[in-house]
Amino acid sequence: VNTVHALQPEPGDVAARAAMMRVVQGAAVSALPEWRGRLQVLPFGSFVSGLGTKASDIDIVIAGVREPQDPSKGFYERHERPDVARILDRVGRCLRSARNDIYIQNFLLIRTSRIPVLKLSATLRNPPPEAAAYRYRPISVDISATTAAGPHAARYLAQQTQAFRALRPLVLIVKAYLKVSNLNDVASGGLSSFGLTLMVLAHLIEEQKAGNNVEDLGYMLVWFFKRYGSLYDPAQMAVSVRDGGTVPRARVDALLGKKLDRICCIDPLTGLDCTEGTFRADEVLAAYARADHHLAKLNARYAESCPPDLDILAALASGQLDEEEEEEEEEQLLAEEGLQGEAQETHNTKDGLVLGNVVSHVAGTAKLPSPGELGLSGRCNKDGIQGSQKHIGLTHTSSTAPQRSAAAGTSQQVWPGEAKGSQAEAIWRGDSSKGNVASAQPRGIGEAGAASVDSNSSSSSSNQGQGDPAGAQQFSKTKASEAGALGRTATVGAGALSNA
């Protein structure tokens with residue numbers, strides 16, 4: 001609950017974005033006088049649907065001036081894009097001249113994308129009193145010129161947040177996770193907010209059909225990452241909420257002839273694939289798999305009881321997930337090698353051999369290292385080691401995937417206040433009759449964190465390549481038979497201790 005509250009916009013955030021929206025509206029009207037009367041400047045995306053975070057940008061469409069010649073494609077052909085870019089360029093010049101209203105820090109016009117977009121980051125010169133911090137805090141804005149399909153989609157999602165109360169909190173936490181993973185920007189091949197929301201919505205539909213409690217946020221979050229991180233195959237499955245959730249690709253006509261390595265999310269209003277530009281789909285699915293792995297480990301660790309103050313979402317929302325997993329994996333690896341090396345060393349010292357130079361000792365061509373070189377204090381004799389060995393003895397724990405029968409999550413859910421998506425639109429228009437700023441925030445709840453890492457393989461003995469290879473191999477086989485339960489040859493064991 002606390003994590004979602006920390007992510008969701010506060011009244012000052014909403015008011016600042018509404019003020020920026022009015023600045024863009026004024027610039028568009030001034031820049032395009034010939035379309036006055038037809039022109040509409042409309043917000044869409046998370047600002048309207050209520051699925052945005054404090055860091056979310058504002059999506060704005062200038063409708064009524066230009067539309068694709070083939071509306072069924074949902075984007076502009078190459079020969080159409082220069083005209084659209086010129087329209088955005090005119091709006092951009094007016095925004096740069098509005099020095100009394102905003103201070104532009106970054107400005108970029110992407111002319112060659114399927115739908116050209118003007119991206120800018122700016123601070124407000126005279127922010128509303130409740131948004132005074134935005135005099136120094138920039139707001140990101142994306143401006144396009146196309147149809148009003150975006151605002152229609154935003155209103156559709158706002159309706160779905162009323163039907164599925166878990167939709168908003170789940171979207172917020174996964175969106176924060178993708179942001180810190182640098183996988184939330186479509187321009188760089190990431191997953192759009194709209195595509196992510198459809199994936200969460202399809203997941204809730206599937207869970208509802210299975211008879212599961214879709215308001216159990218912990219359970220829904222765990223199985224969202226399990227579904228798309230482990231079970232979802234983009235070559236076989238597509239996301240289509242209007243067809244019932246996740247469906248075979250063969251059932252979706254819009255995907256015929258499309259690339260099989262992409263996440264496919266069908267817009268329920270247009271029937272088009274709205275995630276076709278997510279060319280880093282494999283990275284998005286890999287991020288989901290890391291989250292699934294991390295949550296499975298937490299589920300196994302706290303299967304019996306969970307500390308009341310445990311924040312399982314911190315790593316997921318803050319981007320510390322990979323660092324924590326790498327440290328834990330490294331400790332486990334050192335623990336395994338340290339314990340194995342200790343057992344192997346005890347065995348070999350009975351024969352007056354110092355582990356770490358076994359092969360060279362048998363070959364007779366290398367000098368035995370001193371105890372200090374091996375990280376040992378004291379001396380070796382036939383009865384064992386006098387002194388102490390530097391090693392780490394930690395217990396290795398294995399991760400266990402969560403079982404469907406044991407739902408993850410808390411027994412109590414706290415749903416903050418909610419508001420219709422239309423209230424946010426009323427705010428930026430300056431109409432206070434439809435509600436205050438604080439009420440324009442749909443409900444939301446808690447979430448959970450996740451990750452996994454790669455483990456490193458150990459290196460070979462420090463004396464590799466010296467002495468008689470045949471003799472070393474024979475000795476290695478002999479020691480392997482003697483070691484028995486140790487399950488490792490002396491040659492491999494030497495490498496393990498060297499690394500430890």
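The side chains of T275 and D273 are joined by a polar contact of 3.1 Å. This comes from a predicted model. T275 lies in the loop between β7 (245-248) and α9 (281-301). Its relative accessibility is 1%. Buried means under 20%, so T275 counts as buried.

Several residues surround this position. With neighbours within four places in sequence left aside, T275 is in contact with L191, G195, I263, C264 and C265. L196 is a further reference point. The C-alpha atoms of T275 and L196 are separated by 9.1 Å. Along the chain, these two residues are 79 residues apart.

L196 also takes part in a helix pairing, as one of the α7 residues that meet α6. Helix α6 spans residues 167-180, and helix α7 spans residues 193-209. The two helices pack at an angle of about 130 degrees. Their axes are 10 Å apart. The crossing of α6 and α7 is right-handed.

Both helices contribute side by side to the contact list. From α6 come L167, L170, V171, V174, K175 and L178. These meet S193, L196, T197, V200, L201 and L204 in α7. Nine residues of this contact are nonpolar, two are polar and one is charged.

Key. Residues are numbered from 1 along each chain as its sequence is written. This is a predicted model: local features need pLDDT of at least 70, side-chain atom pairs count only at pLDDT 80 or more; totals for chains, interfaces and linings use all residues. Side-chain values use heavy atoms; hydrogens and water are left out. Axes are lines fitted to C-alpha atoms, for helices over the stretch in contact, and angles run from 0 to 180 degrees between N-to-C directions. Helices (H or I, at least four residues) and strands (E, at least two) are DSSP runs, numbered from the N terminus. A crossing is left-handed if the near helix is turned anticlockwise from the far one by less than a right angle, and right-handed if clockwise. Contact means heavy atoms within 4.5 Å. Ala, Val, Leu, Ile, Met, Phe, Trp, Tyr, Cys and Pro count as nonpolar, Asp, Glu, Lys and Arg as charged, and the others, Gly among them, as polar. Buried means under 20% relative accessible area, exposed over 50%, partly exposed in between (1.4 Å probe, protein chains only). A polar contact is a pair of N or O atoms within 3.5 Å; within protein, one must be able to donate a hydrogen and the other to accept it, and residues adjacent in sequence count only if both atoms are side-chain atoms.
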